[in-house]
Amino acid sequence: MKLTLKIWRQESATAKGKMVDYPIDGIDGDMSFLEMLDILNEQLVEKGEDTIQFDHDCREGICGSCSLQINGEPHGPDKLIATCQLHMRSFKDGDTIYIEPFRAKAFPVVKDLIVDRSAFDRIQQAWGYVSVNTSGNTVDANTIPVEKEKADESFNAATCIGCGACVAACKNASAMLFTSAKVSQYALLPQGQVEATERVQAMVRQMDEEGFGNCSNTGACEIECPKGISLDNIARMNREYLSASTKG
Amino acid sequence: MSVLDSKIPKGPLAEKWTNHKNNIDLVNPANKRNIDVIVVGTGLAGGAAAATLAELGYNVKTFCYQDSPRRAHSIAAQGGINASKNYQGDGDSDYRLFYDTVKGGDYRSREANVYRLAEVSGNIIDQCVAQGVPFAREYGGYLDNRSFGGVLVSRTFYAKGQTGQQLLLGAYSAMNRQINRGKIKPYNRHEMMDLVLVGGKARGIIARNMVTGEIERHSAHAVVLASGGYGNVFFLSTNAMGSNVTAAWRAHRRGAYFANPCYTQIHPTCIPVSGDHQSKLTLMSESLRNDGRIWVPKKKEDAEAIRAGKKKPTELSEEERDYYLERRYPAFGNLVPRDVASRAAKERCDAGFGVNKTGQAVFLDFSSAIERYGKEKAFTSGHKNPSKEEVTKLGKEVVAAKYGNLFDMYNKIVDQNPYETPMMIYPAVHYTMGGLWVDYNLQTTIPGCYAAGEANFSDHGANRLGASALMQGLADGYFVLPYTIGNYLSDDIRTGAISTDSPEFEETEKAVKERIEKLMNANGNKSVDSYHKELGLIMWNKCGMARNEKGLKEAVEEIAALREDFWKNVKVPGSATSKNAELEKAGRVADFLELGELFAKDALHRNESCGGHFREEYQTEEGEALRDDENFKYVAAWEYKGKPADAVLHKEDLVFENIELKTRSYK
């Protein structure tokens, strides 16, 4: 395959960025999208040029490092995958592909295609945990039975990989899907009940402080989420938040 | 007398850990506030250690190269975590978990460490559940278990095919709580470049801020290395792209002995290599072997026809297939341990029975499972005489519920539907049992420098059983280090803050800067990746699943030559003062080029076959591994002496007081 890549280059957070054209040839359908970028980078090394910087690590769709906006869509045209699981067979000879970083005010560009998603970390630091010390004498695991359906739902929410595609997909750059997945994981389990009121308030407060936009229930986040995190979580978080507010 | 003191406590096996905990020194809460600990790596071992040490009151700094601690590669572990809870009532116990682990490791691990691991395994599950880790449950609301290779009980706890992710997010949530309290200061996108020793003790690290390129000094009273394994020395592995040996190797160069570097786990069920462009390999969970049957064609002509695309695997009748694991190991069948399954696949492919384009693949077939589950499902739902189509349809549903995410992953990578045609799999580098030598307290041979998780050599001997890595990482981090490190730090209550202005920090920082300059200015014409690939090929061909004297001697020389060439001809574009992936890779590959040579040297000296280390010269007539307990029942710990060729071997004799050494048999 012969392709034209249009890639966002930006030297640093404060520098001005621009799209740069890179023609590339000899791309095979079995290659992953990131392997295609590896090849381009090898060619840049040969020419002595600074390579294109992008976040990636596990390359099997679980670490959540990937953050490429491909032809305007987070993680590209295929559904339920991260960028690293996208294969070149999804494109055809002669295609032009636009590659940009995830765009959001709360995700400033670090360099080229890399963005700073530490806002997600801070939301979880706000109260995304159960306050239990590691003592070695917590109660036996089976003394806390959990309804299977609830446990499965909690697990589904917990599979979020924290990539930020939901934010990149949203016209308001809202982080409601991400935050609600975290809130839901604990809200669905008995272990999370004790601190439920404080948790949802603290996490939502932090989310707002980070400069994410509001949710307008468009649902683009759910469509682009590589793990299929459901909009139900947002409804659940709103309910949790409302009930927390009435408790004061 | 060896210079290595394993510090195993005296007394009966089952009482060692309790007695040890009762007798070690503690640091009082007021003093903990004056003590700093650095943790490098934020996977299960590092994340758990950092959170627990901070809960205890120490000031913790964590370092990881990823943009968030949550992305450490523990996140990719699929199958599960072992614990001797005996919830299934199938006869499990601490002793059985201990026994299985020592046997599975081919009797090359330390009894006392492994027993402690089994002893705390149950606590791990309790702790994780309390944190809100959503493990799989049965309809009664209690925790579910499944079984893994090499054992005869169901002791594996799991969260679908994403157990590592859920456990790591649990450890990360515990870290977040401490970050919020100000007790952990996280340094993300930071890479440890060197260890700083002051007065012979580990007192800090030099780190590089990967965004600004700034070289930073960080001091502490103790340093914990939880930086994972070194499987990426093979270039292609199931490790993350960034997984590296640098932190451990830099400590080795400063005096920490490196143990058993040649013990590598080659995992039997991975998606085969498809071409030269390949950047990494993807694991298909071992849990698939619960239901998948592994085979190759009986006749070479059939294998050739399949390779050429003239025949389909589904066209071969039962009689034309060789289920070689079931044939060779009737007792364990497709659930033999990983080392055994991998070697058996290689043996068939080398003999010419491989089934993909390159001849380096075997089939993992679910058609029997689909039929069996389909019949069962039809029967229980009242269809006593179901049609074949109905059985297949129902069977596929059951298989999808169990392994759906793995089947989808396979489909996306290979572009074939594993419900219709058997998967193709081949072994790939997955885990390294070797690592920094540590004593019972997890301290390396450098006082104050500790190693946890995959970074140490500890508990898995020469072969790791499935679902044991998560157990060990969390055991080290949550339940072992927090005790043992206190014993060391109790001497430091009057030390006060460690200054970073000492000559030792100065010199180490200077060495780091010079090395970076040297890499940036090599001005050659070959990319870092081209060296890494070349190294990987040498490793795979000569230090891989089967090794021999001739190949290993060649590997030692070839790697040394490649390393020399690297420093002359490598090309690193970009700058050292901004994000530069080429520079990051260059530093890591430079260390792999040293480790690789020591790896080959270690494999060459070990004139026996054990676990993942298979020497062709030492095998039984049936092609099984032939151990030599008389001469090699020891841990090989290597001391750095300037270059890998000059490394000095120290032996820690392994004493087995509770388990009788036997030939491992899974027949």
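## Model and conventions

Domain bounds in this report come from an automatic or database domain assignment. On that basis, chain B is divided into domain 1 (269-429) and domain 2 (501-633). Chain A is divided into domain 1 (3-111) and domain 2 (117-247).

The structure is a predicted model, in which local features need pLDDT of at least 70 and side-chain atom pairs count only at pLDDT 80 or more, while totals for chains, interfaces and linings use all residues. Residues are numbered from 1 along each chain as its sequence is written, and chains are lettered from A and ligands numbered from 1 in the order in which they are written. The predictor gives the complex an ipTM of 0.98 and a pTM of 0.97. For chain B the mean pLDDT (the predictor's confidence in each residue, from 0 to 100) is 96, and 100% of its residues reach 70 or more.

## Chain B as a whole

Chain B contains 18 helices and 19 strands. Helices (H or I, at least four residues) and strands (E, at least two) are DSSP runs, numbered from the N terminus. The radius of gyration, taken over C-alpha atoms, is compared here with a globule rule of 2.2 Å times the number of residues to the power 0.38. Chain B has a radius of gyration of 25 Å, close to the 26 Å that the rule gives for 667 residues, so it is as compact as a globular protein of that length. Along its principal axes, the C-alpha trace of chain B spans about 80 × 60 × 50 Å.

A residue is buried if 20 or more other C-beta atoms lie within 10 Å of its own, exposed if 12 or fewer, and partly exposed in between, with C-beta atoms placed from the backbone. Buried residues make up 59% of the 667 residues in chain B. Two residues are in contact if their C-beta atoms, placed from the backbone, lie within 7 Å. Among contacts in chain B between residues at least 6 apart in sequence, 74% join residues at least 24 apart.

## The largest nonpolar core

A nonpolar core is a set of buried Ala, Val, Leu, Ile, Met, Phe, Trp, Tyr and Cys residues joined through C-beta atoms within 7 Å. The largest such core has 282 residues, and those touching the most other members are V167(A), V40(B), V223(B), V224(B), L225(B), V362(B) and L436(B). Helix α17 (residues 581-605) of chain B contributes the largest share of this core, 12 residues.

Leaving aside neighbours within four places in sequence, the contacts of V224(B) include V37(B), I38(B), V39(B) and V40(B). Y450(B), A452(B) and L481(B) are also among them.

## Domains of chain B and helix α10

The centres of domain 1 and domain 2 of chain B, taken over C-alpha atoms, are separated by 34 Å. Six residues of domain 1 of chain B are in contact with six residues of domain 2 of chain B. On the domain 1 side, helix α10 (residues 338-353) of chain B supplies the largest share, five residues. That side divides into one nonpolar, one polar and four charged residues. Here Ala, Val, Leu, Ile, Met, Phe, Trp, Tyr, Cys and Pro count as nonpolar, Asp, Glu, Lys and Arg as charged, and the others, Gly among them, as polar.

In α10(B), 12 of the 16 residues are buried, so the helix is largely enclosed by the rest of the structure. The buried residues include R338(B), D339(B), R343(B) and F353(B). Among the elements covering them are β11 (264-270), α8 (300-307) and β15 (423-432) of chain B.

## Contact between the chains

The contact takes 63 residues from chain B and 66 residues from chain A. On the chain B side, α3 (44-56), α5 (111-131), α6 (163-180), α13 (469-489) and α17 each supply at least two residues. α6(B) gives the most, with nine residues. By class, the side of chain B that touches chain A has 22 nonpolar, 25 polar and 16 charged residues.

## Chain A

The C-alpha centres of domain 1 and domain 2 of chain A lie 29 Å apart. 19 residues of domain 1 of chain A are in contact with 17 residues of domain 2 of chain A. The domain 1 side has 11 nonpolar, five polar and three charged residues.

A119(A) lies in helix α2 (residues 118-127) of chain A. A119(A) is buried, with 22 other C-beta atoms within 10 Å. Leaving aside neighbours within four places in sequence, A119(A) is in contact with A106(A) and E210(A). R205(A), in helix α6 (residues 196-209) of chain A, counts as partly exposed, with 13 C-beta neighbours inside 10 Å.
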